[in-house]
Amino acid sequence: MEVDDDRSPRASSVNANDIDFDTVNQSRTERQTLRENSTELLVEEIRERSRQTQWQLNYQEAAIYLEEGENNDKFDTHPRDQSALPAYEVAHNRWFHLLDLIAAILVLLVAICERPAIEYFSLPVGIHASLEMLGLLILSLELGIRFKWVGWRAFFKHKRTVIKSCTIIFMLIESIVVLVRQTSHFRVTRALRPLFLIHTYYCRGVRRITRQILQSLPPILDMIILLLFFMLIFSIFGYYLFSRNKDDMYFSTLEKSFVNLFILLTTANFPDVMMPSYNQSKFYSIFFIVYLSLELYFLMNLLLAVVYDTFSNLEKTKFQKLLIHKRIGCQHAFKLLVSDQNQHELHMKHFMGMMKKYHPSKSRRDCYLVFKSLNTSNTGWLSIEEFYGIYDVAGVSWKLKNEDRIWSSSFKHPFNKIFKAFNMLVRFKWFDYVIYLVIGANFLWILIETIRLSAKSVNLANYDFTASWASIVFVCIYSVEVIIKILGKGPMEYFTLGWDVFDFLVTVLSVIGVLGERFENSFYYVIVLRPFRLLRLFKVKKRYRDVLGTLFVLFSKLTSLAIVTILVYYFFAIIGMEMFLNVDLKNCCKNTSVEDFYAYDNNSIFHGYYYLNNFENILASGVTLFELTVVNNWFIIMEGFAVVVSQWTRVYFMLFYIVMMVVMNIIVAFVLESFLFRIQYRRQMKLDDMDDDSVYRVEVSLSEEEVDMCEKPFSILSGHLIQLQADQPGAYVYKGERSRTKDDFSIKMYGDEVKTWLLEMDKERTSIIESMKGLRTRQRPNSLNLEQNGVSEQLEVNC
C-alpha cells in the first residue's frame, strides 16, 4: 500500500513550483525498496522461526520414536499430529502413570471391603461403590487421553484398549446399579479387575509375562486335550472293569471314574483309589500302573518339555522382534533428524536437540560423550549404522577415568593411606578365603549345638537362648568384614554389587539374631536367623553362584510371575466368593469318604478342620486356593463343596487345577530357560563367572578444547573437533558404565543369528526408507496453518 502525499503534514505549505519531482520519485523508489527489503527480512525471519519450531517438533517426535522402540510400543499409537503431543506428554508423565497404578490397585482392593468383606474392613455400600466408581473414572481418563493422541482408528484397532474400555463401561454401569439399589448383587465380572492392573505402565513386565502365557497356550492346550483324552479312555475302561465291584465306590459311575482318575493324576488319592480293586485281584494293579506311567510320568513330563520348548522359542522370537523394533524406531528418528541437504548423516546440533527430549537429565558433556562414542568413523557426523547404537550408550553413567584413583583418594593424610590399605586388603584373594574358613567353622558350630539340643529333647520355648561367646565372635567377624569392604571399596561400589549386597543383608540378619538372643526368652524365636549366616557358603562353589546369580537376574521377572499368579488367584477367588458364599461345611458330607474331615462337634476334641476352607472373603479364598495349588488332599475340599452345593462345582476346582498347572509349568520353564541361558553364555563366552561380564563399559577421550566447549553453557557444540582430534589421544579419558540387560547378553549369545536377522532386515530397508521420505516434511495442519497465518498477519501489520 503506497503512502498518499496529501496525507503528508508538509503538503499544504509548499509551493508546487518549488518541488523537485525527480527527488520525490527517487525518494519514493527508495522507500519502496526499503519496504520490500524489510518485508523480505520479515518473511525470512518468520520462516526461520517456523523452521526452528519444526526442528523442535522433530526433536520431540524423534525422542518419542526412540522411546517407543525401547518400550516395544507399537508405532501405530504414535501421536498422529502436533495437536496430539500435549495429550501424549500427559499420558506418559510419571505422575500420571502413578495415578493410573493407584486407581487400578484401588479397584482391586475394593474386594476387601465389599460383600463379602473381611472382618473390620467392611464399609457401607455407598462408600465402597463410590470408591470403585472413582477408580474406574480415573482409569477411563487414561483411555480418553489415549483416544486424543492416537485417534479413533488406532484406538479401536488396539485390542487391549478395547477390552479395557468395554470392561470399564460395564463395571461403571454395575457400580451405578449398586449405588441406586444400595445393595451388592451377583457380580462375577469383578473377576476382570486384574485387567486394569495389567494395563498400567509399571506392570509392563506382568503384561509381557501374561502375553507370553497366552501365546504359549496353543501347544499347551494340545497336550492338555491329549491328557484328558487318555484320561477319558481309561475312565471308560475303569468303569467297565471295576463297577461290578460293589465295594469299589471310585468307579461306580462314569462320572466318578473320570473324577477319580483326574484326582489320581495329582496322586492325591493314591493308593486309596486302587485298594478296593487290588483287594479283588492283584492283577488290577496293572491298570493303575499303566495309567500313572502314561499320564503322570510320560505325558505330564512331555507337557513340561513342550512348555519349555514353546517358552524358549517365544523368548528368542521376542528378542528378535524387539531388536528389529528398536532399529525401526532408530530409522524413524534418524529421518526426522537429518536435513534435506544431507539425508545420510546426522549433525551434532540436531543430535543434541534430540537428547534434550530423550534424556533431559543428561548434561551437555554426557550428551557429547554419547555422540562421540557412537561416531566410530570420527567424521563428526553420525551415519544410520552408528545411530543404531543409541540404545547401548544413551543410558550409561560417565565419569573421569583414573585407574589409580579410588573413592577415598581425595581424603586428607593419613586417612587416604588407611582407606587405600583397606582397598588393597579386600581385593586380596586370601581375604575371601579366610572369611570362607570362618563361615565353615560357624556352620560346624551351629550344627553341633543344634544336634546337642535335639539329643537332649530341650523345650525350645523355655530354653535360654542368650548369645554365647562363639556366636558373638562369629557375628563380630562378619560385621568387621562388612565395614572393611565398605571403607575399602566405597559405599557406591559396595552397594551396587549383588554379592556384596547379599553379604550385607545376611550379616544384618545375623546381627539382629544375636541382639535378639540377648533378650533371653522375649525374642527366642530369632534363633531361626542363625542359619542365614550359612547362606554365604553358596559363594564358594561356582554352581551355587550360578543358582543364586540366576535368582538375582530373575528377581524382577520372578516378581512379575508372582504378580501374575496372585492375579489368577484373584480371578478365581472372586468367582469362588460369588458361587460359594455362605456355604457351611461343618458336619457335611455324611456317609461319604470325606465325612471325618468335616466333622465338627463342640463336645468332642476331634475336628477335621476342613470346614475352615471356605470363600467367605478374599483372603480366606486365597488360602483355600493355595491349598488347592499344593494338591495334597485337594480333592477333599472339592468333594465338600460338591456334596453341599452341586456336583457341577467340580468343574470350578478342576479348571483351577489345570490353569495353575499351566502357570506353574511356565514358571518352571522360565526358571529353566534363564538358568540354562546363564550356563550356556558362560561356556560360549569362556567366562569363569557370568558376573564378570555383567557391566557394559565404554571409554571416550576428550581433548582440552572439547572439555572447554562442553563446559561453557553458551558455546555451540560441534563435531569438527572430533575430526581434528581423530588420530590424537585426548587429555581426558571418560569411562561410561551400565549394567547389562538380558537383551545385551542375548546379542552376544546369538551373535551369528543376529547378523542373519539384520541382513534380512536390510533387504527390506530400501522399501521402508522410500515409504518414510515424506515423514519429516509431512503436512502438520496446525504448524502449516500457523506459518501461513503468521506470514499474512505480519505483512498486513507492516503495510
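Analyst: Let us begin with the surface: the accessible surface of the protein chain comes to about 44000 Å², and 61% of that belongs to carbon and sulfur atoms. Please keep in mind throughout that this is a predicted model.

User: What percentage of the residues of the protein chain count as buried?

Analyst: The protein chain has 799 residues, of which 43% count as buried. As for contacts with a separation of 6 or more in the protein chain, 75% of them are accounted for by residues 24 or more positions apart.

User: How many helices and strands are there in the protein chain?

Analyst: The protein chain contains 28 helices and three strands.

User: How do I read the pairing of strand 3 with strand 1 and with strand 2?

Analyst: As a general idea, the side chains of a regular strand alternate between the two faces of the sheet. In this structure, strand 1 (residues 397-400) pairs with strand 3 (residues 732-739) in the antiparallel sense over four bridges, and within that pairing Trp-398 stands opposite Gly-736 in strand 3. Strand 2 (residues 695-702) also pairs with strand 3 in the antiparallel sense, over eight bridges, with Val-695 standing opposite Ser-739 in strand 3.

User: How is a pair of aromatic rings described?

Analyst: A pair of aromatic rings is described by the distance of the centres and the angle of the planes. The structure holds 48 aromatic pairs. Among them, Tyr-201 and Tyr-202 form an edge-to-face pair, at 5.4 Å centre to centre and with 80° between the planes. Tyr-201 is partly exposed, at a relative accessible area of 29%, and Tyr-202 likewise counts as partly exposed, at 43% relative accessibility. Phe-287 and Phe-288 also form an edge-to-face pair, at 5.1 Å centre to centre and with 85° between the planes; here Phe-287 is buried, with a relative accessible area of 6%, and Phe-288 is buried, with a relative accessible area of 1%.

User: Which residues form one aromatic cluster, and where do charged ends sit over rings?

Analyst: One aromatic cluster is formed by Tyr-569, Phe-571, Phe-572, Phe-580, Phe-615, Phe-641, Tyr-652, Phe-653 and Phe-656. As for charges, the charged end of Lys-282 sits over the ring of Tyr-278, 5.2 Å from its centre, while the charged end of Lys-742 sits over the ring of Phe-677, 4.8 Å from its centre.

User: Which parts does the salt bridge of Lys-372 and Glu-706 tie together?

Analyst: In this salt bridge the closest N and O atoms of Lys-372 and Glu-706 are 3.0 Å apart. Lys-372 lies in helix 12 (residues 364-374) and Glu-706 in helix 24 (residues 704-711), so the pair ties together parts that are 334 residues apart in sequence. Both Lys-372 and Glu-706 are buried.

User: Which residues do salt bridges with shared partners join into one network?

Analyst: That network joins Glu-114, Arg-115, Glu-132, Glu-174, Arg-187, Arg-190, Arg-193 and Glu-578. Within it, the side chains of Arg-187 and Glu-174 meet in a salt bridge at 3.2 Å, N to O, and both of these residues are buried.

Note on methods: Residues are numbered from 1 along each chain as its sequence is written. This is a predicted model: local features need pLDDT of at least 70, side-chain atom pairs count only at pLDDT 80 or more; totals for chains, interfaces and linings use all residues. Side-chain values use heavy atoms; hydrogens and water are left out. Rings of Phe, Tyr and Trp (its six-membered ring) pair if their centres lie within 6.5 Å; planes under 30 degrees apart count as stacked, over 60 as edge-to-face and the rest as tilted. Buried means under 20% relative accessible area, exposed over 50%, partly exposed in between (1.4 Å probe, protein chains only). A charge sits over a ring if NZ of Lys or CZ of Arg is within 6 Å of the ring centre and within 35 degrees of the ring normal. Helices (H or I, at least four residues) and strands (E, at least two) are DSSP runs, numbered from the N terminus. Contact means heavy atoms within 4.5 Å. Accessible areas come from the Shrake-Rupley method with a 1.4 Å probe; for residues, only the protein chains shown count as cover. Two strands pair if DSSP finds at least two bridges between them. A salt bridge is a side-chain nitrogen of Lys or Arg within 4 Å of a carboxyl oxygen of Asp or Glu.
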